Structure formats: C-alpha cells, structure tokens
Amino acid sequence: MSTRAKSEHADAILVRSVDYGEADRILTLLTPTLGKVSVLARGARRSKRRFAGALEPFALLDVELSLGRSELGSLWGAQVKRAFPALLRDLARLSVAGAALELVRELLPERSPDATLFEHTVHMLQALESGQAEPMGVFLAFCVRVLALSGFAPQLTACGVCGKQPSAARSADFDPVRGCLVCQSCGGAPVRLSAALRARLQQALGPKWLASALLPWSTPELALAETAITTFIEHRIDRPVGKSGLLSSARRPPESGTPAS
Ligand SMILES: [Zn+2]
C-alpha cells in the first residue's frame, strides 16, 4: 500500500496507542515540527525489536515516519532519546503525566505544529522526573499554560461581569465554570483565590509557568487550585472529562465535579 517515500525524523512523545489488526498499532504522536500526527506502526505488537521497544509513553522519542495525504501516516522507526525512569516508578507522577498528555492530545488539532507546546510538554515530564516539585502542582501549572496557548486562558485579573479589577494584594472569587473572577458586588463565586495563589496561576499562564509550579505549595492551596483548574478544564473541552478518564486519575476523591465552597 504505502511506499516509503519522503520519510523524515522528528522528536516525538507518544500520547496514545491503540491496537490495530493482529500485529499493528495506531499511534498518536506529539511532535514539534509536524504537530499531532497519527501513524500506523506495522508489526509493533508482533516484534518489540521492530521499534526497539521504544513505543512506550512518557519518553522523548526520535521517530522516523512518513505522512501521506491520508490521515494515517506510517512509522518506520523509533528510538528512545530520553527516558524518565523515576516518573515511571511513581504512581502519582504517572497519573498526572497521563492526564497532562491527554489534555494536550485533546486540545491540539491534528498536524498543527506548536514547538512551544512540545517544549513545555518535555519540560513537564522533566519536572516530574526530577521530583523537585509537587506532581499535582506541576500538572496544574502545565494545564494552565496549555490552556492559555490554546486560547482558553482563565480570566484572573478582572471580574468577568463588571470588569472591575481587584487589587493584586487581595483575594478574589473565581468561578471555574464561567472561567473568570466574579467580584462581591456581582455575587461572588465559589472558589476564593488568595492573592498569592492568584499570582501563581497568573504566572502559569505565561512562559514562566514551570517556575510557578516549583514554588512550594501548601496542601490547602494545592487542593483549591486543583478544584479551580480541573473544574475549569471540564467546562472548556467538549467531552465529559470525568467519565472519559481525563483528570479522574489525577484527582483525589471525593469529587463530583462541583467546586468546593
Ligand atoms: Zn463585578
């Protein structure tokens, strides 16, 4: 069927793998140069040697692939460029990494390259590997940044109803469903963000998102940020997040999708 024309190399992160037929797999890869692509990995299940055992998630890969005009390209080779072994051994880190990659897969359109997003994704995996920060904190800051890059930034500086800007030194109410602050005169909102947490989330919107994750988190602050951001995400992406599994594994029970008051 396919000839081996125009194959090329790319850095890649595997974001989904689905068995296909008797021996093949269909993979979704995130790459900096080609964007998110789907490729057929022939014989991937029959022989581990074919792809040098490299077709595992949570690794930076070097892949050789070709993309024709059809939606499905072909994968010819794959090697692990950088592994994240400490991440793989830790359930908390694995579950947030899985949810983070799923969010990227969900938000990024096919074949729409975003080198910045790819770089952030590698940095997110590196930060989880290093263990220098709370995994949930890395996850939340990464999500906020990815949402901002995808045009879904939460509004954290002004009331979404009247436009009034709270002083940077004061706490403010955030409505994760509406995705904005709502001031007291406009009725307030269920999640009260301290000035410090608001500043931290604000920083996560920009290129220094990772620095905001690496600051120490207090447990209540982390729980509040988690409620705010996961609820916000659920209302920004089209499918029922909880049922599909995205974030459900990254989130601590009990949780019913409603923000804490
Ligand atoms: Zn207002």
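Residues are numbered from 1 along each chain as its sequence is written. The model is predicted, and local features need pLDDT of at least 70, side-chain atom pairs count only at pLDDT 80 or more, and totals for chains, interfaces and linings use all residues.

The protein contains eight helices and nine strands, where helices (H or I, at least four residues) and strands (E, at least two) are DSSP runs numbered from the N terminus. Of the 261 residues, 37% are buried; a residue is buried if 20 or more other C-beta atoms lie within 10 Å of its own, exposed if 12 or fewer, and partly exposed in between, with C-beta atoms placed from the backbone.

Strand 4 (residues 59–66) has alternating side chains. Strand 4 runs antiparallel to strand 1 (residues 8–20), to which five bridges join it; two strands pair if DSSP finds at least two bridges between them. Within this pairing, Ala12 stands opposite Leu61. Strand 4 is also antiparallel to strand 5 (residues 72–83), with eight bridges, and a hairpin of five residues connects strand 4 to strand 5. Val63 stands opposite Ala78 of strand 5.

A further four strands form an open sheet of mixed pairing in the order 6-8-7-9. Its edge strands, strand 6 (155–159) and strand 9 (191–193), each pair on one side only. Strand 6 pairs with strand 8 (residues 180–181) in the parallel sense over two bridges, and Cys159 stands opposite Leu181 in strand 8.

The largest nonpolar core comprises 67 residues, and those with the most contacts inside it are Leu29, Ala100, Val104 and Cys143. Such a core is a set of buried Ala, Val, Leu, Ile, Met, Phe, Trp, Tyr and Cys residues joined through C-beta atoms within 7 Å. Helix 4 (residues 135–149) gives the most to this core, with ten residues. Apart from neighbours within four places in sequence, Leu29 is in contact (C-beta atoms, placed from the backbone, within 7 Å) with Ala12, Ile13, Leu14, Val15, Val37, Val39 and Val63.

In helix 7 (residues 219–234), the buried residues include Ala225, Ile229 and Phe232.

How values were computed. Two residues are in contact if their C-beta atoms, placed from the backbone, lie within 7 Å. The expected span of a helix is 1.5 Å times one less than its number of residues.
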